[in-house]
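Have a look at the model first, then read on.

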Amino acid sequence: DEAMKAYRQCLRINRRVYGDEHLDTAGALCNLAQCLRDQGQYDHAMDKAEEAYKTFVLLFGEKHPKCAMALDAMSAIRKSQGKQDEAADLAQRALDINMSNVSLGVVAPDSEEAASTLLDEADALTGQSRPEEALAKLEQGLDIIKRLHPATKTKK
């Protein structure tokens, strides 16, 4: 597949140019993980997402928004595998990071990162048959999206 080849080549180049412990290398790992997940290669995708997460933690510490992004990717992989409980736990960890960064002013409360994390958590909660909690997270995420994107605003 052409996309897979491109993501693998990007990762190889980043490793060669920047080394393993670099932001761009970790980003390339996340992209490759998503492509692998899309192709049903869940175990390999999880390996890459976990490697990206560990690199982000090494570079920035556990509470950085990039760590939340990697946890969201890991949550999506686990959800694709039907591992709803683990997916929800990972999504909650990502949400906790994003919300703590909101309180610190690092991530805006009305940011796409916060909305994305809330929607991922809602999805995971739905898979756990927890519809009331899922609906609350979904509504929070959608409220953020409505505030961010003018096209979603209704005219009076």
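## Starting at a charged pair

Asp38 is exposed, at 53% relative accessible area; the classes here are buried for under 20%, exposed for over 50% and partly exposed in between, with a 1.4 Å probe and protein chains only. The side chain of Asp38 meets that of Arg37 in a salt bridge, 3.0 Å from N to O. For that term, a side-chain nitrogen of Lys or Arg has to be within 4 Å of a carboxyl oxygen of Asp or Glu. Arg37 is partly exposed, with a relative accessible area of 21%.

A word on the ground rules: this is a predicted model, where local features need pLDDT of at least 70 and side-chain atom pairs count only at pLDDT 80 or more, while totals for chains, interfaces and linings use all residues. Residues are numbered from 1 along each chain as its sequence is written, and side-chain values use heavy atoms, with hydrogens and water left out.

How many salt bridges does the rule give? The count comes to six. One of them joins Arg15 and Glu51, whose closest N and O atoms are 3.0 Å apart. Arg15 sits in helix H1 and Glu51 in helix H3, so this pair ties together parts 36 residues apart in sequence. Helices are DSSP runs (H or I, at least four residues), numbered from the N terminus. Both ends are partly exposed, Arg15 with a relative accessible area of 25% and Glu51 with 27%. Asp20 comes in as well, linked with Arg15 and Glu51 in a network of salt bridges.

Then there's Arg130 with Glu133, whose side chains meet at 2.6 Å, N to O. Arg130 counts as partly exposed at 31%, and so does Glu133 at 40%.

## The cores

The largest nonpolar core has 25 residues, and those with the most contacts inside it are Tyr53, Phe56, Leu71, Met74 and Ile77. By nonpolar core we mean buried Ala, Val, Leu, Ile, Met, Phe, Trp, Tyr and Cys residues joined through side-chain atoms within 4.5 Å. Helices H1 (2–18), H2 (23–38), H3 (42–60), H4 (65–80) and H5 (84–104) each put in at least two residues, with the largest share, eight residues, coming from H2.

Zoom in on Leu71: setting aside neighbours within four places in sequence, Leu71 is in contact (heavy atoms within 4.5 Å) with Tyr53, Leu90, Arg93, Ala94 and Ile97. A second, separate core of five residues includes Leu95, Ala114, Ala115 and Ile144.

## Helix H6 and its surroundings

H6 covers residues 112–127, and its 16 residues reach 23 Å from first C-alpha to last, close to the 22 Å expected (1.5 Å times one less than the number of residues). Its buried residues are Ala114, Ala115, Thr117, Leu118, Glu121, Ala122, Ala124 and Leu125. Just after H6, Ser129 takes a positive phi of about 60°.

Gln84, in helix H5, is buried at 17% relative accessible area. Beyond neighbours within four places in sequence, Gln84 is in contact with Lys79, Ala124, Gly127 and Gln128.

## The end of H7

Leu148 is found in helix H7 (residues 131–148) and counts as partly exposed at 31%. Which residues does Leu148 contact, leaving aside those within four places in sequence? They are Asp110, Ser111 and Glu112. The C-alpha atoms of Leu148 and Ser111 are separated by 7.5 Å, with the two residues 37 apart along the chain.
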